[in-house]
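Work through the exercises below with the sequence and the model open. Each task is followed by a solution in steps.

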Amino acid sequence: MASRIIFTINVDIDESNLDNPGWWNGDGTQASTDKSKITKQAFLEWSDKIIFNHSQYAHTCKSDYRVHIADSEYSDFYDTFKKEHPQISEYDIINFYKHWLMKKYSSEFDEVCYVDLDVVFNTKENIFENHDIYNKFACGEQNSEALFGKTVRPYNYNLCIRNPASKYWNAFAMLLDSGYTKEESDTDVFNTGIMIASREQIQK
């Protein structure tokens, strides 16, 4: 049987390092609440229950389960990343860290699944067996949300860098800058809150 792992990251970002990308009301005005602070408080309140949910689900899938915290490995990754890219927030560094861990685990396990800490499993179906992970690198897509960014009037546009529409246009611009045509640059928008793939797909 293939070796498997499900892992998550539980790093409590210090309040001094929180960024606030903002979130937006339906009329295009910016909401007054601080999304990062709300998220931080929710994780502090619910992380133990969510980690228990993850571990139970991993057992159902006959998978190892690990939680990454702000240990020495994370600190080394953070320090190196911050030195090379001081403009990047800790929230975004954590998002790069999960990709780095996917690659690291692909040397140890045949099948690797990452889930954000806000993911709650509510099924007994086996995620490793429900996706073609030996031929595809599976993650969510948000193309329907990105469509907003292609059609909305400019004065209602959501400038939050985490918005799927912003991700669509950033990817579009980078592909154009790399020499792709407009048609080739019209690509999918992905959500990496859940990622699952085989060793071979990750290392590709």
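**Salt bridges and cysteines**

The side chains of R66 and D64 form a salt bridge, with 3.9 Å from N to O. The term covers a side-chain nitrogen of Lys or Arg within 4 Å of a carboxyl oxygen of Asp or Glu. The model is predicted: local features need pLDDT of at least 70, side-chain atom pairs count only at pLDDT 80 or more, and totals for chains, interfaces and linings use all residues. Residues are numbered from 1 along each chain as its sequence is written, and side-chain values use heavy atoms, with hydrogens and water left out.

**Exercise 1.** Classify R66 and D64 as buried, partly exposed or exposed.

Step 1. Take the classes: buried is under 20% relative accessible area, exposed is over 50%, and partly exposed lies in between (1.4 Å probe, protein chains only).
Step 2. R66 has a relative accessible area of 30%, so R66 is partly exposed.
Step 3. D64 stands at 37% and is therefore partly exposed.

**Exercise 2.** State how many salt bridges the rule gives, then describe the one between E111 and R4.

Step 1. The count is seven.
Step 2. In the pair of E111 and R4, the closest N and O atoms are 2.7 Å apart.
Step 3. This pair links distant parts of the chain, 107 residues apart: E111 lies in strand β3 (residues 111-115) and R4 in strand β1 (residues 4-9). Strands (E, at least two residues) and helices (H or I, at least four) are DSSP runs numbered from the N terminus.
Step 4. E111 has a relative accessible area of 5%, so E111 is buried. R4, at 8%, is buried too.

**Exercise 3.** Count the disulfides and examine C113.

Step 1. A disulfide is taken as a pair of cysteine sulfur atoms within 2.5 Å.
Step 2. The count is zero.
Step 3. For C113, the nearest cysteine sulfur belongs to C61 and is 8.0 Å away, and C113 is in no disulfide.
Step 4. C113 is buried, at 0% relative accessible area, while C139 is partly exposed at 29%.
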